[in-house]
Amino acid sequence: MATTAGTGDGDGVEEVTGVPKTVSARALELAQRRVPFVHARVVRAQPPASAHPGDEAIVYGDGRIDGFVGGMCAEGSVRTAALGALNGGGPLLLRVLPADEVAFPDTPGAKVVVNPCLSGGALEIFLEPVLPPPLIEVVGTTPIAEAFIALADVLGYATARSLPDGPPAEYTGAVIVAGQGRGDAEALRAALDADVPHIALVASRRRGAALLDELGLGEAARARVHTPAGLDIGARTAPEVALSILAEVVEAVHARGAPPPTALPEAPAQVVDPVCGMTVTVTADTPHLTAGDKEFWFCGTGCRDRCATGLVGG
């Protein structure tokens, strides 16, 4: 089983001294800290597979695995498929079969991987990518600001209130300036300096134009500020105005070219095991062999040892 994460390597997860967290508890903490990962759960297993239904693991964006979903060969198949799911592939039912196995036939929504190195048995593992929701900075404590936060929560969006006292949080997808005269100018400047992709100012056309003039913005910078904020839906009350602003944010978030809700680590390299032909995702503990000026990586130590024996014999 892979080593446990959370040892000061940047994932922001810690363990209570001497008490390792369960996978589910770690998954909840990662989600709260906006760390992207894949939650892998064994849903079906055929003997003599070493994993059992209910076994689970977390696959991080750099390929590390925390938990147990099978032996080394099955784990390698899970790692490769999970990274694909995390990088835009979406949820996936992975079926890991030994060579010549006919059980668990291919069906829509499932991916079959034939792993010739499995000693037997078959596994079905559900891979669920967990990506942080879009993060929106809200400026002000006005009724519109409070209503916006309440509605954003219904959609599962995350909100923060770093502005105007500090810079917007990293990977902020939108800034809603709703201070109505309190901190608006400072918040707008900070959002523009941080290149936030969507900036909305709650103000009348006249006051909005005056504020942009006061900031001395050029045409390109002015065009980045949406004011009056929100889509024109005839809103009158604070909740209705907040709804119109949120609708505009949703449109921006889903527009082509919208930034990701958070950064993913650079995906590890993938190579082909020269012995069994499996696709292998290379991590620090991937079995490895150097022969002259050539390097080889393997799904497990068995393939590595067979390759080494062949090289020596040749």
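The protein chain exposes about 15800 Å², an area from the Shrake-Rupley method with a 1.4 Å probe and only the protein chains shown as cover. Carbon and sulfur atoms supply 55% of it. This is a predicted model: local features need pLDDT of at least 70, side-chain atom pairs count only at pLDDT 80 or more, and totals for chains, interfaces and linings use all residues. Residues are numbered from 1 along each chain as its sequence is written, and side-chain values use heavy atoms, without hydrogens or water.

Of the 314 residues, 44% count as buried (under 20% relative accessible area; exposed is over 50%, partly exposed in between; 1.4 Å probe, protein chains only). The chain has eight helices and 15 strands (DSSP runs: H or I of at least four residues, E of at least two, numbered from the N terminus).

The largest nonpolar core holds 21 residues. Such a core is a set of buried Ala, Val, Leu, Ile, Met, Phe, Trp, Tyr and Cys residues joined through side-chain atoms within 4.5 Å. Val-69, Val-78, Leu-94, Leu-123, Ile-125 and Leu-127 touch the most other members. Helix α2 (72–89) gives the most, five residues. A second, separate core of 20 residues includes Ile-144 and Ala-200.

Next, helix α5 (residues 205–215). Its buried residues are Gly-208, Leu-211, Leu-212 and Leu-215. They lie on the same side of α5 because they cover an arc of only 100° around the axis, taken from the directions from the helix axis to the C-beta atoms. The face turned away carries exposed Arg-206, Asp-213 and Glu-214. Just after α5, Gly-216 takes a positive phi of about 65°.
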